[in-house]
Amino acid sequence: MSARAPKARTSPRRPRARTTLAALLLIALSATGLVACGGDDGGGAASPAPPVTASFSGSPAPGLSSLEASARERASAAASSASARASEFEASVSAEIKRANDAARERLKHVEGRGNATADVSLTGKPRADTGNLPAVVVAITNRTDDTASYAVQVDFRDPDGKVVESRFVGAEDLEPGERAEPVAISRKPPEPRPTAEIAKAQRY
């Protein structure tokens, strides 16, 4: 009678190994969940996981330098706009002054003598630093009457020999009683030799 080969013994460890592996996976998954969601009660020591940025869409937020550049551009635009408004205002004022001065010139063409309003006008020297080194005087005109009045004034600039080298005309229109205007008469001649200014004519009308 031949001997039978012994039956292979089934190892009892395999089911146990699978069970152990499954338990380890469950523990690992539970730990991962705790790391991702824990810390609400303040008892966990794990830090929250960093956000995932790979799935974000759109452009990144501008950096600080870009924001500063944008602020500078806005400030520059505002300054340019303010400068433009100032230039327009100065141009309108200059045009109004020129119109009044031209009207004064025309008015004085028909005035004989020194006019009727020299007592209402006085001259004060203006610093040359304010006029680009050109000789200039402030012509103070005060309406000393009881009615609204306009004024035309001729200012003569004389050289050291007393010769009139230039005449300038300034005007003030519709001054109320007691009101004062201070137009400026500026010589366009070279500042040297230093000229003197005087009221040649002043007419109230």
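**View 1. The second largest pocket holds about 150 Å³ of space.** A pocket is an open set of points on a 1 Å grid over the protein atoms alone, where a 1.4 Å probe fits, with protein on both sides within 12 Å along at least five of seven lines. Its volume is the space filled by probe spheres set on the points, which are joined across faces, edges and corners. This is a predicted model: local features need pLDDT of at least 70, side-chain atom pairs count only at pLDDT 80 or more, and totals for chains, interfaces and linings use all residues. Residues are numbered from 1 along each chain as its sequence is written, and side-chain values use heavy atoms, without hydrogens and water.

**View 2. Lining of the second largest pocket.** Lining residues have an atom within 4 Å of a point. Here they include Glu-96, Arg-99, Gly-171, Leu-175 and Pro-183. H2 and E4 each give two or more residues. H2 supplies the largest share, five residues. Helices (H or I, at least four residues) and strands (E, at least two) are DSSP runs, numbered from the N terminus.

**View 3. The largest pocket holds about 400 Å³ of space.** Its lining has 15 residues. Closest to the centre are Ile-97, Asn-101, Arg-168, Val-184 and Arg-188. Helix H2 (64-108), strand E4 (164-175) and strand E6 (184-186) each give two or more residues to this lining. H2 gives the largest share, six residues.

**View 4. Residue classes in the two linings.** The lining of the largest pocket has seven nonpolar, three polar and five charged residues. The second largest pocket is lined by six nonpolar, two polar and three charged residues. Ala, Val, Leu, Ile, Met, Phe, Trp, Tyr, Cys and Pro count as nonpolar, Asp, Glu, Lys and Arg as charged, and the others, Gly among them, as polar.
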